[in-house]
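Good morning, colleagues. Please look at the sequence and the model on the screen while I describe the strand pairing and the aromatic rings.

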Amino acid sequence: QVQLVESGGGLVQPGGSLRLSCAASGFTFSTYTMRWYRQAPGKERELVAVISTAGGSTNYAESVKGRFTISRDNAKNTMYLQMNSLKAEDTAVYYCNAAREYNYWGQGTQVIVSS
């Protein structure tokens, strides 16, 4: 069955870095646009970054542009989010999303940016 598993979250100090991974299985990963979303406590779900099927096109929320980099390795069925210069406002649960005729979601990985 379809599975998306996020990993790499944790506690980091402001200004630090984390690399999130999303491992996909059960569908043809290379045909799906992939997205990272996040949701902070008391806030709506927010689109963070998007990457096209072959990785040739990316897009970012204004709040993370210049700090985060989305990438994918279709041979490994894995998507990544490199997060640098982290801020307290980046604290959230980060979710992996695969989109085509259906949307698939992972369970999320928690990122806490705090001193």
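**Strand 4 and its surroundings**

Strand 4 pairs with strand 5 (residues 46–51) in the antiparallel sense, over 5 bridges. Strands here are DSSP runs of E with at least two residues, numbered from the N terminus, and two of them pair if DSSP finds at least two bridges between them. This is a predicted model, in which local features need pLDDT of at least 70 and side-chain atom pairs count only at pLDDT 80 or more, while totals for chains, interfaces and linings use all residues. Residues are numbered from 1 along each chain as its sequence is written, and side-chain values use heavy atoms, with hydrogens and water left out.

Within this pairing, Arg38 stands opposite Glu46 of strand 5. The hairpin of strand 4 and strand 5 has 6 residues between the strands, and Gly42 takes a positive phi there, near 75°.

Which strand pairs with strand 4 over 7 bridges? It is strand 9 (residues 92–99), again in the antiparallel sense, with strand 4 covering residues 33–39. Thr33 has Ala99 of strand 9 as its bridge partner.

I turn now to the aromatic rings. Rings of Phe, Tyr and Trp (for Trp, the six-membered ring) pair if their centres lie within 6.5 Å; planes under 30 degrees apart count as stacked, over 60 as edge-to-face, and the rest as tilted. The count by this rule is 5 aromatic pairs. One of them joins Phe27 and Tyr32 edge-to-face, at 4.8 Å centre to centre and with 70° between the planes. Phe27 is buried at a relative accessible area of 13%, and Tyr32 is buried at 3%. Buried means under 20% relative accessible area, exposed over 50%, and partly exposed in between, with a 1.4 Å probe and protein chains only.

Why is the pair of Tyr37 and Trp105 tilted? The ring centres are 5.0 Å apart and the planes stand at 50°, so the pair is tilted. Because Tyr37 lies in strand 4 and Trp105 in strand 10 (residues 103–105), this pair ties together parts that are 68 residues apart in sequence. Tyr37 counts as buried at 13% relative accessibility, whereas Trp105, at 33%, counts as partly exposed.

Ring pairs also link Phe27, Phe29, Tyr32 and Tyr104 into a cluster.

Finally, I come to charges over rings. Arg45 lies over the face of Tyr37, at 4.5 Å from the ring centre; the rule requires NZ of Lys or CZ of Arg within 6 Å of the ring centre and within 35 degrees of the ring normal. Arg19 lies over the face of Tyr80, at 4.0 Å from the ring centre.

Methods:
Helices (H or I, at least four residues) and strands (E, at least two) are DSSP runs, numbered from the N terminus.
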